[in-house]
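Keep the model open as you read.

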Amino acid sequence: MALRFAYNTNGAANHRLADAIALIAEAGYDGIALTLDFQHLDPLEEGWVARTEALARELRTRRLGCVIETGARFLLDPRHKHEPTLLTPNAEGRARRVAFLQRAIDIGNILEAEAVSFWAGVPRPGVDRGEAGEWLLEGLAQVTDYATRHGVTAALEPEPGMLVETLDDWARLQPHLPGLTLALDLGHCLVTQEREPADAVREFAVEIGTVAIEDMRRGDHTHLPFGEGDMDIPGCLDALEAIGFARLVCVELSRESHRADRMIPQSLDWLRQCREGDTR
């Protein structure tokens, strides 16, 4: 089975969404990973339904699949990065994050997205981790229930530095949330150094809802272009093929927007050369 690749729009933040989609399609990708944010598709702005429906028509015309990503930095709070989260001490703040994720699921439903990816958040200083874990379970239950009722795959991403940081953290949560799948960012395995990325693919094969890929150095959470880090990309692709992974594999280069015109085609060319055994 041939792998299917997407490019995340958070790596094309300086382009209009229509232009980013055109670049991604013309390069030969099979889909987009859409980061909901103010400059592309703002889920909080009036008229979001009509804009989402128009986007759905465009994606169908271009025969592009879609994954929804929800890691916008300042969409909910212009003064505090990523806040509020599912761990914010204020109940109203947590409710705002849940409502945002439910809106993302609504958008995913309209776009027939393969998954909606999200993360737990970082506990604020002084917050008891046990209490934060209870807030997290409460919020995740609301999100996964909403996703199940709307026929959308909800995928939680272990993120370095957050309460759910490792695959083991995810695995401890999952029995309490049967509707929850894994958003596996392969580079994060190198950051936390918990597992080799290809081993993670094989171990969690049946739980994976979506996959992100990039290069990464061990212990350093910097998304790098392919060939600039320590990732065994061919080994990761072999593992994904071996488990028959049919969903989009999403290239995530959020620091490369200033040269997206080059990185979008170059990344796919690199991945294709990987499959042909030549990445010189």
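In which hand does α1 pass α2? The crossing is right-handed. A crossing counts as right-handed if the near helix is turned clockwise from the far one by less than a right angle, and left-handed if anticlockwise. This is a predicted model, where local features need pLDDT of at least 70, side-chain atom pairs count only at pLDDT 80 or more, and totals for chains, interfaces and linings use all residues. Residues are numbered from 1 along each chain as its sequence is written, and side-chain values use heavy atoms, with hydrogens and water left out.

Two packed helices are described by the angle between their axes and the distance between the axes. Helix α2 spans residues 48-62 and packs against α1 at about 15 degrees, with the axes 11 Å apart. That angle makes α1 roughly parallel to α2. On the α1 side, the contact uses Leu17, Ala18, Ile21, Ala22 and Ala25. Leu55, Glu58, Leu59 and Arg62 of α2 meet them. Seven of these residues are nonpolar, two are charged and none is polar.

A few terms need their cut-offs. Helices (H or I, at least four residues) and strands (E, at least two) are DSSP runs, numbered from the N terminus. Axes are lines fitted to C-alpha atoms, for helices over the stretch in contact, and angles run from 0 to 180 degrees between N-to-C directions. Angles under 35 degrees count as roughly parallel, over 145 as roughly antiparallel, 65 to 115 as roughly perpendicular and the rest as oblique. Contact means heavy atoms within 4.5 Å. Ala, Val, Leu, Ile, Met, Phe, Trp, Tyr, Cys and Pro count as nonpolar, Asp, Glu, Lys and Arg as charged, and the others, Gly among them, as polar.

Helix α1 (residues 17-27) also packs on helix α9 (residues 260-275). Their axes come within 9 Å and cross at roughly 25 degrees. These two helices are therefore roughly parallel as well. Their crossing is right-handed. Leu23, Ile24 and Ala27 of α1 touch Asp261, Ile264, Pro265, Leu268 and Arg272 of α9.

Helix α9 has another partner, helix α8 (residues 233-242). Here the axes come within 10 Å and cross at roughly 75 degrees. So α8 lies roughly perpendicular to α9. Ile233, Pro234, Leu237, Asp238 and Glu241 of α8 meet Trp270, Leu271, Cys274 and Arg275 of α9.

Now look at the spaces. On a 1 Å grid over the protein atoms alone, a cavity is a set of points where a 1.4 Å probe fits but cannot get out. A pocket is an open set with protein on both sides within 12 Å along at least five of seven lines, and lining residues have an atom within 4 Å of a point. Points are joined across faces, edges and corners, and a volume is the space filled by probe spheres set on them.

The largest pocket holds about 660 Å³. Its lining has 30 residues, with Gly71, Arg73, Lys81, His82 and Glu159 closest to the centre. Six are nonpolar, 14 polar and ten charged.

The whole structure has two cavities of 30 Å³ or more. The largest cavity holds about 110 Å³. Among its 15 lining residues, Glu69, Ser117, Thr210, Ala212 and Glu252 lie nearest the centre. Strands β3 (65-69), β6 (180-185) and β7 (208-213) each supply at least two. The second largest cavity holds about 50 Å³. β6 gives the most to its lining, with three residues.
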